[in-house]
Amino acid sequence: MAFVPKPDELARIGHKPPRTGWMDTPVDFRRGTWCYAAKPKNLQALELPNPREWSPERADWKLPANWQEIILEGLRERLQRFRSLQIFMDICVRCGACADKCHYFIGSGDPKNMPVLRAELLRSVYRKNFTTAGKILGKMVGARDLSEDVLKEWFYYFFQCSECRRCSVFCPYGIDTAEITMIARELLNLVGCNIDWVAAPVANCFRTGNHLGLQPHAIKDMIEFAVEDIEKITGVKVEPTFNRKGAEILFVTPSGDLFADPGTYTLMGYLMLFHELGLDYTWSTYASDGGNFGLFTSHEMMKRLNAKIYAEARRLGVKWILGGECGHMWRVINQYMDTLNGPADFLEEPVSPITGTRFEHARTTKMVHITEFTADLIEQNKLNLAPERNEHCRVTFHDSCNPSRSMGLLEEPRYILKKVCRHFYEMPENTIREQTFCCGSGGGLNADENMEMRLRGGLPRANAVRYVHEKHGVNTLACICAIDRAALPPLMDYWVPGVEVSGVHELVGNALVMKGEKKRTSDLRGRPLPDPHTAFGGAIEE
Amino acid sequence: MGIGFSLLLIMALLLAVFFGAGVLGWHLLFGVVIPYAAATIFLFGIIYRVVKWGRAPIPFRIPTTCGQQKSLPWIKPSRIDNPSSAAGVIGRLALEVLLFRSLFRNTKAELRDGPRLAYHWEKWLWLGGLLFHWSFLTIFLRHLRFFTEPVPSFVSFIEGVDGFLRVGVQALYITDILILVAVTYLFWRRVVIPQVRYISLPADYFPLFLILSLAFSGVLMRYFFRVDVSAVKELTMGLVTFHPRIPEGIGVIFYIHLFFVSVLFVYFPYSKMMHLAGIFLSPTRNLANNSRACRHINPWNYPVKVHTYEEYEEEFRGKMREAGIPLEKECG
Ligand code: SF4
Ligand code: SF4
């Protein structure tokens, strides 16, 4: 892991802006705060422009000779395509209400991490080139030329925004800096300035169907590992199928859950639940990731990666699609998929085969979130649950940015958690639901080399966890996102040691009483189950 | 830099009108020509901007959802903060425009030792903004008295309510005081809060000073240097009926006031003040979160290069066969 200062050092954050104005303060590429440049082979695989070896640290970024022209032309095109961009460029009043709402600003104190100033980085160039006032009055109205320094600043700060949309909740006009970041990243991509942590997964995903580049046999192997573990713990052998034509439901989840702890425990939860229900579903090795780092690259790339889901559903002849626990995947599905790659008129309006519930709210996209599906099962009393098997978990819930602010999936996971766990505590009000704080690593920024910035950005989230950890002894941070499951464990270890991260369906798996199961002695992680009589006092203090 | 420059600009404008209307007596210019020109620019400028925005498509449905979605029937959706219908959207916009719903959420983050983050109650910006905008609207409506004959009853009603305080025989309009206080507060916070000061441009100070000067000249005219109200009304009625007249005996203070209004009109369409219209068009606020239930069409959606299943199977066929994963083409 990259060098990271100690927590008490990192926490010394000054929020006072520097003496020099922001236009006169050049960006400093200090290690630990930025991500490595995209490797040429990944850009080539996607046929993206200007593949080359380069590093943000060096003076020469090897830009094409007419790079300014390319960017300004790209900006002109996008102004015509997105009303959002025009409005957001024109109406900010710089009231500053969004300033201290960004986790990166709170954690770094860098004024250009205030959403308003992040947006001004692009707005200043827009004004200079696309508004009369900007052309004539220049700096007076906050306009400036597009220089190489400006481009470098864009790269640094637009890859220091996790596209979490928290700022947009507080802005009186709903100005969404995530939208501005998305478009700024598109512009950066036009001249070959992406980060490898985004470009590599995208290249993988394009070829193999998933970000990790898992090939079909490897996917099957990994899921079969989970099948073995389930058998060891429960005595029940679950039997998933792959690329099976004629299944009723196609299940798509982020590939991260196949690959590493603690995501794999969530995977076990899914497998157990589907087996117990006798669900007629299939995995796909082709549509093997619902996650979509295309969202962090460009609208076009998002569409290119997303296309496989409907294509596979059509090929396999399923009726509808069920989606696993993932944050940004659900932004794409809820707000983009049907528009990008629909209409999905070859699918049927989703109906739960167990309860008969029609998921009317998903009638055109035909994709249902797993917590919507499970909450319905529990409400209709279709699951036999033993919440005492989660007695050792004192749980709080982290709302992932996208399901909360681009969807509003707030109650479903909470309902499930309260049914499968006995000890559930909310974090403080202004850190959950639509005001939730990012894990600090969203937006494709969960690389290793920018660990310091991730820990800074994760500070507000960690702080809220620490509050319930100290007050209620919370030791389990539940979430519905694969990036969270990768990003929150190091964040917890750094700021709040003693808190584990788990998926909601891991906890469902623990509590789910399966037909023909043996007496369970451990949870899905292999931790011994607490004795119901001495219950959880013992488990907490150890 | 921003403050000084903006102040200078205001001074220059003041001098110009004082000299022009007061000393040289160019009443026709300041009383008729400039106001007409300003109103024209205002009107066409706003139309131009809104049409320009309106012509850009909304490719995706991207509301910022600030409450529970509408999903399962037994989960209570948040109809306004996460609207799924047109009625919900109208409600959301109404709350946003009339009561500044989003700004009301504002808090102030503070980092203490520990580290420990605290989020404080901070509604002053909301309150200041609300008072300013509502006062401005009330004053604007009150001024309709000068542009209508007979004066509609709602204008008199607003005057009555606004002027319930009396100083002697004269009504003291509460909004006159509020607007001065609110604008002063908005300026004060811009200077005092380091982050806000850091992001402030001359283009942020100038409109504040302009509105302050406008309100101040109005107050001076109404409470201190009384002008001949019937002469003023003769002039303003002339303007709206397109029979401009310049009655004698209107003090220079009136021309100053009118000139600041004109400057505001000219400045408006080219500045951030367009948020007045923009808020109605903001895609994160004026769309329903129903894209899973009703298909949203992107007018410029174009085909892209994808990696098809056939290409995928072609590459991995051997490995898939070995792993026992079903294939489309067994051999190849
Ligand atoms: S809250 Fe909105 S209007 Fe205010 S500074 Fe931020 S983006 Fe601009
Ligand atoms: S979207 Fe999130 S990360 Fe980006 S500026 Fe807004 S609050 Fe910060």
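**Domains and chains**

A: Let's start inside chain A of this predicted model: the centres of domain 1 of chain A and domain 2 of chain A, taken over C-alpha atoms, are 30 Å apart.

Q: Where do those domains of chain A run?
A: Domain 1 covers 22-194 and domain 2 covers 203-511.

Q: And how many residues of each are in contact?
A: Domain 1 of chain A brings 35 residues and domain 2 of chain A brings 36. About 3000 Å² is buried between the two domains, with 59% of that from carbon and sulfur atoms. On the domain 1 side, L46(A), R165(A) and R166(A) lose the most area, together 19% of what that side buries.

Q: What about a salt bridge between these domains, how many are there?
A: The count is one. There are also 18 residue pairs in polar contact across that interface. Helix 10 of chain A gives the largest share of the domain 1 side, six residues.

Q: Switching topic: how many residues does each chain put into the contact between A and B?
A: Chain A gives 118 residues and chain B gives 90. The area buried between them is about 9200 Å², 58% of it from carbon and sulfur atoms.

Q: How many salt bridges there?
A: Nine across the interface of chain A and chain B. R49(B) and D90(A) pair up in a salt bridge, with N to O at 3.2 Å. On the chain A side, helix 16 (residues 327-341) supplies the largest share, nine residues.

Q: Which classes of residue make up that side of chain A?
A: It has 50 nonpolar, 33 polar and 35 charged residues.

Technical notes. Residues numbered from 1 in each chain as written. Chains lettered and ligands numbered in written order. Predicted model: local features only at pLDDT ≥ 70, side-chain atom pairs only at ≥ 80, totals over all residues. Heavy atoms only, no water. Contact = heavy atoms within 4.5 Å. Buried area = accessible area lost by both parts, 1.4 Å probe. Salt bridge = Lys/Arg side-chain N within 4 Å of Asp/Glu carboxyl O. Helix = DSSP H or I, 4+ residues; strand = E, 2+ residues; numbered from the N terminus. Nonpolar A, V, L, I, M, F, W, Y, C, P; charged D, E, K, R; others polar. Domains from an automatic or database assignment. Polar contact = N/O pair within 3.5 Å; in protein donor to acceptor, adjacent residues only side chain to side chain.
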